[in-house]
Amino acid sequence: MNPSKPAESFKGRLALITGASSGIGEAAAVRLAREGLRLILVARRREKLQSVAARVEAAGGQAHVIVADLTNETDRARVLASAQQMGAVEVLINNAGFGWYGYGSRMPVTLAREMLALNVGAAVDLSLSVLPQMVARGRGHIINVSSIAGNLPNQGIAMYAGTKSFLDSFTTALHRELRGTRVHASLIKPGPVRTAFFDYSEGETSGRRIPAERFAIGAEEVAERIWGLVCRPRRVVYVPRVLMLSQWVEPAVGWLIDRLGPLLLRRQPAYERVEERELSPQRTRRTQRRP
Ligand SMILES: NC(=O)c1ccc[n+]([C@@H]2O[C@H](COP(=O)([O-])OP(=O)(O)OC[C@H]3O[C@@H](n4cnc5c(N)ncnc54)[C@H](OP(=O)(O)O)[C@@H]3O)[C@@H](O)[C@H]2O)c1
């Protein structure tokens with residue numbers, strides 16, 4: 001897409017947004033709908049997707065809902081096949097993802113696999129599936145929703161930070177490979193955002209609430225920056241901008257985090273209480289159906 005094109009030129013273009021049933025994905029759907037893009041909204045909860053689709057339509061847009069569990073390869077293939085019937089996907093926003101906070105040694109392996117399948121596997125599958133068509137058409141944009149956590153391999157977020165730093169490397173490399181093709185790959189790296197993310201990062205028996213929620217910004221702010229990226233593709237955007245400093249935290253003070261970080265994790269409330277329950281058969285809140 002030509003960065004200098006006015007917003008008007010995106011009218012009618014097809015955008016696929018994963019994790020569109022709440023939070024950043026929902027806000028991005030409503031924002032893009034206001035600009036006239038046609039949307040494909042993907043997530044597991046049908047009713048939530050339908051209510052987002054109603055918001056999109058109220059904003060003057062069109063939305064097609066696909067209920068899918070993106071940890072599942074068959075569901076991913078179904079999403080791609082349904083999208084294909086609607087035309088060429090020109091904007092792909094890989095946003096579906098979740099976090100978990102606690103000791104890596106206590107994270108249920110099944111949950112870690114699920115996180116890898118969603119935060120990494122779904123984004124890779126969908127990106128590599130739509131890219132050939134984008135390159136052939138000479139038009140398209142993949143936006144991967146990462147996090148500043150990708151720069152901060154800190155205590156408590158071993159898996160989450162790992163999945164986001166994968167996305168960072170993957171997207172940056174694609175961005176470089178795509179130079180000159182008129183197809184773009186971009187990263188959006190928010191700090192804390194006020195969404196259900198924090199609720200679902202607490203496993204029933206083993207996870208804890210991710211700290212930093214008190215610094216959270218609204219999902220609409222992230223959505224606005226996503227729209228900015230659609231209009232003016234760039235390699236990476238931090239939200240808020242000041243968080244670009246996060247890329248220098250590890251090289252500059254990683255040695256200090258080595259010493260103080262473990263204390264911060266140990267000080268988390270309820271650590272002692274959950275410790276015993278963690279040894280019992282593990283069932284996480286995430287593996288139950290979300291409301
Ligand atoms: N909130 C933050 O502080 C923050 C900060 C930086 C980055 N991020 C990133 O932003 C992205 C969106 O998170 P959010 O904050 O908007 O949280 P959220 O409101 O919990 O949204 C997560 C979305 O992912 C979908 N999802 C979860 N599991 C799925 C699955 N197996 N298959 C398909 N869809 C699935 C959820 O829908 P269903 O439950 O209906 O499937 C929901 O629409 C994530 O990648 C997250 O890592 C968040």
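Contacts come first. Of the contacts in the protein with a separation of 6 or more, 73% join residues 24 or more positions apart. Two residues are in contact if their C-beta atoms, placed from the backbone, lie within 7 Å.

This is a predicted model: local features need pLDDT of at least 70, side-chain atom pairs count only at pLDDT 80 or more, and totals for chains, interfaces and linings use all residues. Residues are numbered from 1 along each chain as its sequence is written.

The protein has nine helices and seven strands. These are DSSP runs, numbered from the N terminus: helices are H or I with at least four residues, strands are E with at least two. Of the 291 residues, 42% are buried. Buried means that 20 or more other C-beta atoms lie within 10 Å of the residue's own, again placed from the backbone.

**Two helix pairs**

Two packed helices are described by the angle between their axes and the distance between the axes. Axes are lines fitted to C-alpha atoms, for helices over the stretch in contact, and angles run from 0 to 180 degrees between N-to-C directions.

| Helix pair | Angle between axes | Distance between axes |
|---|---|---|
| α1 (residues 23–34) and α2 (residues 46–58) | about 25° | 8 Å |
| α4 (residues 109–137) and α5 (residues 158–177) | about 15° | 10 Å |

The angle makes α4 roughly parallel to α5. Roughly parallel means an angle under 35 degrees. Helices α1 and α2 are therefore roughly parallel to each other.

The crossing of α1 and α2 is right-handed. That is, the near helix is turned clockwise from the far one by less than a right angle. From α1, the contact uses Glu26, Ala29, Val30 and Ala33; from α2, Val52, Arg55 and Val56. Five of these residues are nonpolar, none polar and two charged. Nonpolar covers Ala, Val, Leu, Ile, Met, Phe, Trp, Tyr, Cys and Pro; charged covers Asp, Glu, Lys and Arg; the others, Gly among them, are polar.

The crossing of α4 and α5 is right-handed too. Residues of α4, including Ala112, Met115 and Leu116, meet residues of α5, including Met159, Tyr160 and Phe166. This contact has eleven nonpolar, two polar and no charged residues.

**Around the ligand**

Which residues come nearest to the ligand? They are Gly19, Gly23, Arg44, Arg45 and Gly97, out of 32 around it. A residue counts as near if its C-beta atom, placed from the backbone, lies within 6 Å. Helix α1 gives the largest share of this shell, three residues. By class, the shell has 15 nonpolar, twelve polar and five charged residues.

Notes. Angles under 35 degrees count as roughly parallel, over 145 as roughly antiparallel, 65 to 115 as roughly perpendicular and the rest as oblique. A residue is buried if 20 or more other C-beta atoms lie within 10 Å of its own, exposed if 12 or fewer, and partly exposed in between; C-beta atoms are placed from the backbone.
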